[in-house]
Amino acid sequence: MEKVINGINHWIQALPKEFTTMSVTEISNRSAPNKWSKKEILGHLCDSAINNLGRFLQVQYEEQPYVIQPYNQVQWVILQNYQERPLQDIVTLFQALNNQIVHVLQNIPSEKLPYICDIGNNEEKTLEWLIQDYLEHMEHHIYNQILVK
């Protein structure tokens, strides 16, 4: 758990600094009409944080296995209209949401980490796996889409 918390804390600090090295064009450019800009990808990471924060809480008290409800990621990005938001607003949201996630993770009792989540397709994973997957998902987008020049 410490590795995940350290990873999230790293990106809370490092990702805003990375964005300061990019031009407005680089942040807002969409490589294709159906692709997200770097600003929209950051918005997607905020949406992921919103959804996963709820999951990290609910799995601790709901009946097992806790059934993960998917969300329409594309519609969330469209409806939140991240492309038109000031970058600093999205960065602030990213930092606040992930600070809250770190706080929650620091307070999950270790005996709850093996709690079971139904992630769909007849697949069950533990809360601990879900938490680790959250950081892996974040870093996938950061390394493969945001930091790519």
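**Stop 1: H3 against H5**

Start with H3 and H5, which cross in a left-handed sense. The model on screen is a predicted one. Select residues 38-58 for H3 and residues 87-106 for H5. Their axes run 9 Å apart, at an angle of about 25°. That angle is under 35 degrees, so H3 and H5 count as roughly parallel to each other.

Now show the side chains at this contact. From H3, pick Lys39, Leu42, Gly43, Leu45, Cys46, Ala49, Ile50, Leu53, Phe56 and Leu57. From H5, pick Leu87, Ile90, Val91, Leu93, Phe94, Leu97, Asn98, Gln100, Ile101, Val104 and Leu105. Colour them by type. The contact of H3 with H5 comprises 17 nonpolar residues, three polar and one charged.

**Stop 2: H1 against H6**

Move to the next helix pair. Select residues 2-20 for H1 and residues 127-146 for H6. H1 and H6 pack at about 25°, and 10 Å separates their axes. With an angle under 35 degrees as the criterion, H1 and H6 are therefore roughly parallel to each other. The crossing of H1 past H6 is left-handed.

Display the contact residues on each side. H1 contributes Lys3, Val4, Gly7, Ile8, Trp11, Leu15 and Phe19. H6 contributes Ile131, Gln132, Tyr134, Leu135, Met138, Glu139, Ile142, Tyr143 and Ile146. By type, the residues of the H1 contact with H6 split into twelve nonpolar, two polar and two charged.

Is Lys3 buried or exposed? Lys3 is exposed, at 71% relative accessible area. For a sense of scale, draw a C-alpha distance from Lys3 to Ile116: it reads 21 Å, for two residues 113 apart along the chain.

**Stop 3: His141 in H6**

Stay on helix H6 and select His141. His141 has a relative accessible area of 10% and is buried. Show what surrounds it. Setting aside residues up to four places away in sequence, His141 touches Ile41, His44, Leu45 and Ile146. Two of these names have come up already: Leu45 is among the H3 residues that meet H5, and Ile146 is among the H6 residues that meet H1.

**Stop 4: the salt bridges**

How many salt bridges does the structure hold? There are four.

Select Glu26 and Lys38, whose side chains form a salt bridge at 3.2 Å, N to O. The pair joins distant parts of the chain, twelve residues apart: Glu26 is in helix H2 (residues 24-28), Lys38 in helix H3. Glu26 is partly exposed, with 22% relative accessibility. Lys38 is buried, at 9%.

Next, select Arg30 and Glu40. Their side chains meet in a salt bridge of 2.5 Å, N to O. Arg30 sits in the loop between H2 and H3 and Glu40 in helix H3, so this pair ties together parts ten residues apart in sequence. Arg30 is partly exposed, with a relative accessible area of 38%. Glu40 is buried, at 5%.

Then jump to Glu123 and Lys125. Here the side chains meet in a salt bridge at 3.4 Å, N to O. Glu123 is partly exposed, at 34% relative accessible area. Lys125 is partly exposed too, at 23%.

**Stop 5: Val148**

Finish in the segment after H6, where Val148 is found. How accessible is Val148? Its relative accessibility is 40%, so Val148 counts as partly exposed.

Show its contacts. Leaving out neighbours within four places in sequence, Val148 is in contact with Glu26, Lys38 and Tyr143. Glu26 and Lys38 are the salt-bridged pair from the previous stop. Tyr143 belongs to the H6 side of the contact with H1.

Last, draw a C-alpha line from Val148 to Ile8. The line spans 20 Å, and the two residues are 140 apart in sequence. Ile8 takes you back to H1, where it is one of the residues that meet H6.

Definitions and conventions:
Residues are numbered from 1 along each chain as its sequence is written. This is a predicted model: local features need pLDDT of at least 70, side-chain atom pairs count only at pLDDT 80 or more; totals for chains, interfaces and linings use all residues. Side-chain values use heavy atoms; hydrogens and water are left out. Axes are lines fitted to C-alpha atoms, for helices over the stretch in contact, and angles run from 0 to 180 degrees between N-to-C directions. Helices (H or I, at least four residues) and strands (E, at least two) are DSSP runs, numbered from the N terminus. Angles under 35 degrees count as roughly parallel, over 145 as roughly antiparallel, 65 to 115 as roughly perpendicular and the rest as oblique. A crossing is left-handed if the near helix is turned anticlockwise from the far one by less than a right angle, and right-handed if clockwise. Contact means heavy atoms within 4.5 Å. Ala, Val, Leu, Ile, Met, Phe, Trp, Tyr, Cys and Pro count as nonpolar, Asp, Glu, Lys and Arg as charged, and the others, Gly among them, as polar. Buried means under 20% relative accessible area, exposed over 50%, partly exposed in between (1.4 Å probe, protein chains only).
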